[in-house]
Structure formats: C-alpha cells, structure tokens
Amino acid sequence: ASYCLAQAIHVSKITFLEQMTSANLQLDAADKLSLKEKSLLAFGQGVEGIWITISGYYLNTYFLETCCIEPSAVGAIQLIQGAFDALNDPLIGSLSDGTHTRWGRRRPWLLFGAPLLAISYFLLWNVLPAQTSLELKFLYYLTAYMGVSVGLTSVSLQISALVPELTSDYNERTVASGWRVLGGNSVGMVFVIVHSLIVGDGQQPEMFRWSALLCAGAMLVMSWTVFAGIEERFESKPVSVKVNFLSELRLCLESRPFRYVALIYLCGPCAVVLVQSNIVMFCKYILLDEAIITMVLPAVQGTALLMIPVWVVLSHKTSKRHIYLAGGSILALALASLSFVSSTLGVVLVSIAVGSALAVPYLVPVSMLPDVVEEDMLRTGRRREGVYAGIFTTVLKTCASLALLFTNMLLKHAGYVAPASSCGSETITEELATQPESVKNIIRILVGPLPACFVLAAMLLAWRYPITREVHAQMVADVERREKQADVAITYQVPSEELPRDVRVAPEPEEIPEPSQKAVDPQANCYPCGKFFAS
C-alpha cells in the first residue's frame with residue numbers, strides 16, 4: 001500500500017479525483033465521459049454497494065442468530081437462491097438488450113426495478129415472530145431474497161451495461177470502473193456503519209426494520225436519480241435474424257476472455273465474502289469482543305475508499321492484470337495472517353492492510369468486462385452488453401451464495417450452537433456466548449487461509465487474461481471500421497433453408513487483417529485460436 005501511494009504521488013502533483021477526471025487523458029469527444037456521467041455511474045453503483053456490504057457482513061449472522069434459522073436451512077436458502085440467479089440474471093440481461101422505448105433500453109429497468117428492490121429489501125430484514133415455524137420462515141425469507149435478486153439485477157446490471165456503451169477507450173473504462181467502485185464502496189461504508197449503529201447487538205428485531213426502511217429508501221432514490229440524469233448514447237440496430245436466449249448465452253460462454261474474467265470475478269469476491277460473512281463471529285467467539293466490529297468496518301472500508309483512486313492511477317501506468325497481481329499479493333498476505341491475530345490492535349492493522357487492496361478484486365474485473373464486449377462484437381457481429389452484464393452479476397451472486405452455503409455446511413458439521421439469548425431463552429444472561437472449539441477452528445479457517453487461496457487462484461487467472469492494452473487498441477479500431485461500413489446489415493450465420501424470404505442477406509464484410517506482430521505478442525496468448533477477427 002505504501003509503494004502504491006508513493007507511486008501515485010510521484011506520477012502526478014494533482015489530486016486523485018482530478019487524475020480520474022481526465023487530466024492526462026487525450027480522448028475523442030465521443031469517448032469522453034463527463035463528470036456528470038461518472039458521478040451518476042458511481043451513484044448507481046451505490047445501490048449494489050449497500051446490498052453487498054450490509055449483506056456481506058450481517059446477513060448470514062442475521063439468519064443464524066436473529067431469525068434463529070438452522071445452518072442447514074440457511075445453506076438451502078443460499079443454494080436455491082444461487083440456482084435462481086443463474087437463470088434470472090442472464091435472462092434480464094437478454095431482455096434489457098432487446099428493450100426499445102423512448103427512454104432507451106437500460107433506463108426503464110432502473111425506473112421499474114427500483115421499487116421491487118426496495119420492497120423486497122425491507123421484507124428480507126423483517127424479523128418474524130419467534131413462534132413462527134421453520135418451514136414458514138424458510139419460504140418467507142427465500143421469497144424475499146429472490147425479490148431482492150430480481151430488483152438488484154434490474155438496477156445494477158444496467159449500470160454495468162452502460163459503461164461499454166458510453167465509451168470505448170481503454171483507460172476511460174478503467175476510470176469509469178474506478179468511479180463505480182468508489183461510489184459503491186463509499187455508499188456501502190456509510191450505510192453499513194449506520195446499520196451497525198442502529199441494530200447494535202441484534203437483540204431488538206424492530207431495529208432491523210428501521211435500518212431496512214432507511215436503506216430501501218436510499219436505493220430507490222439513487223436508482224431514480226440515475227434514471228433521470230443519465231443519457232444513453234447507444235442506438236440499437238435491429239438484426240435480420242433473431243437469436244433465442246439460449247443461443248445468446250452459448251455465444252457469450254464461447255468467449256475465452258470472458259471465461260477468464262468470470263472466473264476472476266468468482267474467486268476474488270468469493271474470498272471477500274468468506275471474510276465478511278464470518279468476521280462478526282470471529283470477533284464474537286475468537287476475540288471475545290463483538291464490539292471490535294465497529295473498528296474493523298471503518299478500517300477496512302475507509303482504507304479501501306482511499307486506495308481506489310491510487311489503483312486507478314497505477315492502472316494507467318501498467319495494465320489491469322499487473323494491478324491485480326500487485327493488489328492480490330497484498331490481499332492474500334493480509335488474509336492469511338488474520339486467523340493468527342488475537343488482539344484488537346492486530347485486527348485493526350490487518351483490516352487496514354486488507355482494505356488497501358480490497359477494491360482490486362472488484363475494480364479490475366469490472367474494467368475488463370467492456371473489453372470482452374468488444375471481442376464479442378468482432379467474433380459474432382453483435383453487441384450483447386446486457387447478457388454479459390447479466391452473467392457477470394450472476395457470477396458475483398454465485399460466489400456469495402457458494403461462500404455462504406459452504407460456511408453454513410461447515411458450521412453445522414462442526415456443531416454450531418445458536419445463542420440462547422436470542423433463540424429460545426426468555427432471559428438474557430450476561431455471560432458471553434461460546435462455541436465448541438471445532439466451530440472456532442472453522443471460523444479461523446474461513447477468515448484466513450481459505451480466502452487467501454481464492455485470491456491466489458484469481459491472481460493466476462488474471463496473469464493469463466488474453467486482452468492486453470495493445471490487443472484492445474487493435475480490437476477497437478476493427479470494431480469502429482466494421483460499424484462504419486455503410487448499408488451492411490449485421491446478421492448471424494444460419495442455415496440457408498432457415499432464412500425467411502424477406503430477409504436480405506448482408507454482403508460479406510471486407511476481410512479484416514490479422515493483428516501485426518508488433519502490436520500483438522504471440523507469446524501473450526492473445527486472440528485465442530486466431531478467431532478474434534473471424535466474421
């Protein structure tokens with residue numbers, strides 16, 4: 001972190017935000033993002049930031065120790081929810097790509113998805129009476145969870161899909177991603193601290209409702225603000241032959257760069273979720289002081305907030321994958337040491353180290369996704385920002401679901417015992433709740449060595465990511481040349497007997513030359529199989 005800060009100060013004498021806004025970027029007017037657009041993207045990302053941060057730190061503990069649901073039932077909720085997301089998110093992305101209204105194809109989803117998200121979020125944090133049966137609790141919280149998923153996808157997916165439509169510049173997309181992560185992190189930090197202050201030790205269910213009401217209202221306002229302020233630049237062009245949803249999904253998954261980005265986005269955030277979902281129990285049962293969490297949250301989120309501009313500045317000097325290797329090294333070492341910490345000061349110091357690189361697992365994959373869209377344009381002749389963003393959102397939710405499912409299965413197997421103070425006892429004892437030693441050992445593994453292994457896996461994948469800065473520049477040039485071909489209808493290749501009679505088959509586009517050896521290093525494993533420029 002000190003090295004990154006020194007480098008950032010060295011490369012510029014202006015502030016971090018001025019660096020992010022374009023001080024040294026020479027862009028075409030069409031690719032230049034205004035300060036208003038960047039701010040709106042950051043504001044919209046705050047919606048997802050509220051959910052990710054609060055649910056990451058508190059949702060699993062809320063299910064276990066406030067709603068008093070068995071770990072196996074909580075794991076089943078996460079499993080079903082993950083399977084639901086696998087279909088829900090790409091489907092909404094495909095529908096978003098095909099939306100045609102006077103407001104554009106992304107903004108209507110912000111308008112109508114936000115109320116569903118706000119209502120479902122409030123219902124999820126509504127604690128049912130203690131005498132409610134386990135079956136009814138299961139159905140209630142699963143339904144509310146699915147509602148949050150649909151609403152959140154309808155909002156956050158559009159924010160993600162707007163970036164490749166607003167700019168095609170390599171650095172400007174990284175800047176836009178930096179603003180998004182900055183917005184999501186800062187808003188999430190504010191609301192997770194507010195949530196922790198409101199709910200306290202979680203013994204008063206009505207406090208969860210007040211926190212949920214506040215957060216739901218904020219999500220609604222932020223989504224509608226982006227709807228009112230953003231302008232879509234993309235003008236959709238109807239294709240001659242429609243492709244069904246499953247074919248769209250298959251074409252996306254055939255993209256080798258996208259598979260790399262998706263796996264990076266699966267491993268990195270999975271490590272973060274494992275730590276987030278267990279850090280409260282780590283403070284409570286390992287450090288024997290649950291109040292430490294009020295120091296851990298500002299240390300992690302505050303440091304992450306300050307370091308986001310640093311990583312963006314450094315990405316302009318190196319590359320996205322080198323940034324991931326640098327940040328991942330810091331994050332992996334910090335996480336590996338967490339399980340050995342036994343003092344308050346040690347936890348705070350490790351939290352600062354974790355926060356210094358916390359943005360990297362989110363910032364880098366998010367900035368890589370628009371590059372994948374350009375590769376797909378060359379490979380298939382069609383832009384599918386919505387489908388890609390939908391699958392991307394699914395990956396993020398899947399990593400959270402798998403992490404929580406794995407956590408609850410291990411806790412159940414180790415003999416986790418729900419605290420009597422909130423689950424079954426009418427009197428609250430002053431004696432601190434304890435867990436068997438086997439449960440404590442599992443918690444230590446879940447916040448330390450295991451997340452570090454996921455980060456190392458993500459670093460390996462980032463190193464092999466095929467789209468470098470030089471490769472991307474060549475791709476953008478070829479995409480622009482294709483789009484300028486006049487009177488050429490972009491179609492999919494289908495058997496001739498399946499073509500409708502009124503379909504005009506497009507003439508073959510002029511052959512696109514292979515990238516020069518100077519621009520593309522053949523040893524970099526770029527343009528896999530030589531098919532990136534296939535028609």
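What follows is a short exchange about the helices of a predicted model.

Colleague: What makes a local feature count here, and how are residues numbered?

Modeller: Local features need pLDDT of at least 70, side-chain atom pairs count only at pLDDT 80 or more, and totals for chains, interfaces and linings use all residues. Residues are numbered from 1 along each chain as its sequence is written, and side-chain values use heavy atoms, with hydrogens and water left out.

Colleague: Why is α10 called largely enclosed?

Modeller: Buried means under 20% relative accessible area, exposed over 50%, partly exposed in between (1.4 Å probe, protein chains only). In α10, 28 of the 31 residues are buried, so the rest of the structure largely encloses this helix. For the protein, 58% of the 535 residues count as buried.

Colleague: How do you know which residues make the contact between α14 and α15?

Modeller: Helices α14 (residues 360-380) and α15 (residues 385-414) pack at about 145°, their axes 10 Å apart. Contact means heavy atoms within 4.5 Å. The contact residues include Tyr362 and Arg379 of α14 and Phe392 of α15.

Colleague: What classes do those contact residues fall into?

Modeller: Ala, Val, Leu, Ile, Met, Phe, Trp, Tyr, Cys and Pro count as nonpolar, Asp, Glu, Lys and Arg as charged, and the others, Gly among them, as polar. The contact of α14 with α15 has 10 nonpolar, no polar and three charged residues.

Note on methods:
Helix = DSSP H or I, 4+ residues; strand = E, 2+ residues; numbered from the N terminus. Axes fitted to C-alpha atoms, helices over the stretch in contact; angles between N-to-C directions.
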